[in-house]
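Please look through the sequence and the model below before reading on.

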Amino acid sequence: MLTIFAEKRTKLGKSASRLLRKNNKFPSIIYGLDIVPVYIEINQDAFINMMSIPDFNKKKIIIQLDNNLQYHVKIKDLQNHAFKRKILHIDFFVQK
């Protein structure tokens, strides 16, 4: 399994997301049937390096938050920039 280190987001909205992208991060969300949605931010460079792994979108991923919480997830939706090699947003779905 792949491990991604993330931080919880304190500010939400369009301007907060733009500021994240300006600082080489991108917004993301973790959701599932039995949990309250968790809004997170992930480092752009670290995630793009992981995307070079074959069948990356189909693998199970562990998201490690700064307060030692772990979520076992799969990518539900991934939004890329139209022509830059950047990620705009990812939705993660919790796996049991």
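Two strands count as paired if DSSP finds at least two bridges between them. The model described here is predicted.

**The sheet**

Strand β2 (residues 25-31) runs parallel to strand β6 (residues 87-94), and four bridges join them. Within this pair, Ile 29 stands opposite Asp 91 of β6. β2 also pairs with strand β3 (residues 38-43), here in the antiparallel sense and over six bridges. Phe 26 has Ile 42 of β3 opposite.

β6 in turn is joined to strand β5 (residues 70-80) by seven bridges, and these two strands run antiparallel. Asn 80 has Ile 87 in β6 as its bridge partner. Six residues lie between β5 and β6, which form a hairpin. In general, strands of a sheet pair through backbone hydrogen bonds, either parallel or antiparallel.

| Strands | Direction | Bridges |
|---|---|---|
| β2 and β6 | parallel | four |
| β2 and β3 | antiparallel | six |
| β5 and β6 | antiparallel | seven |

What do the strands form together? They make a closed barrel of six strands in the order β1-β3-β2-β6-β5-β4, with mixed pairing. On average, neighbouring strands of this sheet are turned by 45° against each other, direction ignored. Helix α1 lies across β2, β3 and β6, and runs at about 125° to β2.

**Arg 9**

Arg 9 sits in the loop between β1 (2-8) and α1 (14-22). Arg 9 is buried but has no salt bridge. The nearest side chain of opposite charge belongs to Glu 41, 5.9 Å away, whereas a salt bridge needs the charged atoms within 4 Å. Instead, the side chain of Arg 9 reaches the backbone oxygen of Ile 40 at 3.2 Å. Leaving aside residues up to four places away in sequence, Arg 9 touches Ser 17, Leu 20, Pro 27, Ser 28, Tyr 39, Ile 40 and Glu 41.

**Gln 64**

Gln 64 belongs to strand β4 (residues 61-65). Why does Gln 64 count as buried? Its relative accessibility is 13%, and buried means under 20%. The side chain of Gln 64 makes a polar contact of 2.8 Å with the side chain of Gln 70. Not counting residues up to four places away in sequence, the residues that Gln 64 touches include Thr 3, Ile 4, Phe 5 and Ala 6. Leu 69 and Gln 70 are also among them. Ser 52 is twelve residues from Gln 64 in sequence, and their C-alpha atoms are 20 Å apart in space.

Technical notes. Residues are numbered from 1 along each chain as its sequence is written. This is a predicted model: local features need pLDDT of at least 70, side-chain atom pairs count only at pLDDT 80 or more; totals for chains, interfaces and linings use all residues. Side-chain values use heavy atoms; hydrogens and water are left out. Buried means under 20% relative accessible area, exposed over 50%, partly exposed in between (1.4 Å probe, protein chains only). Lys and Arg count as positive and Asp and Glu as negative; His and the chain ends are not counted. A polar contact is a pair of N or O atoms within 3.5 Å; within protein, one must be able to donate a hydrogen and the other to accept it, and residues adjacent in sequence count only if both atoms are side-chain atoms. Contact means heavy atoms within 4.5 Å. Axes are lines fitted to C-alpha atoms, for helices over the stretch in contact, and angles run from 0 to 180 degrees between N-to-C directions.
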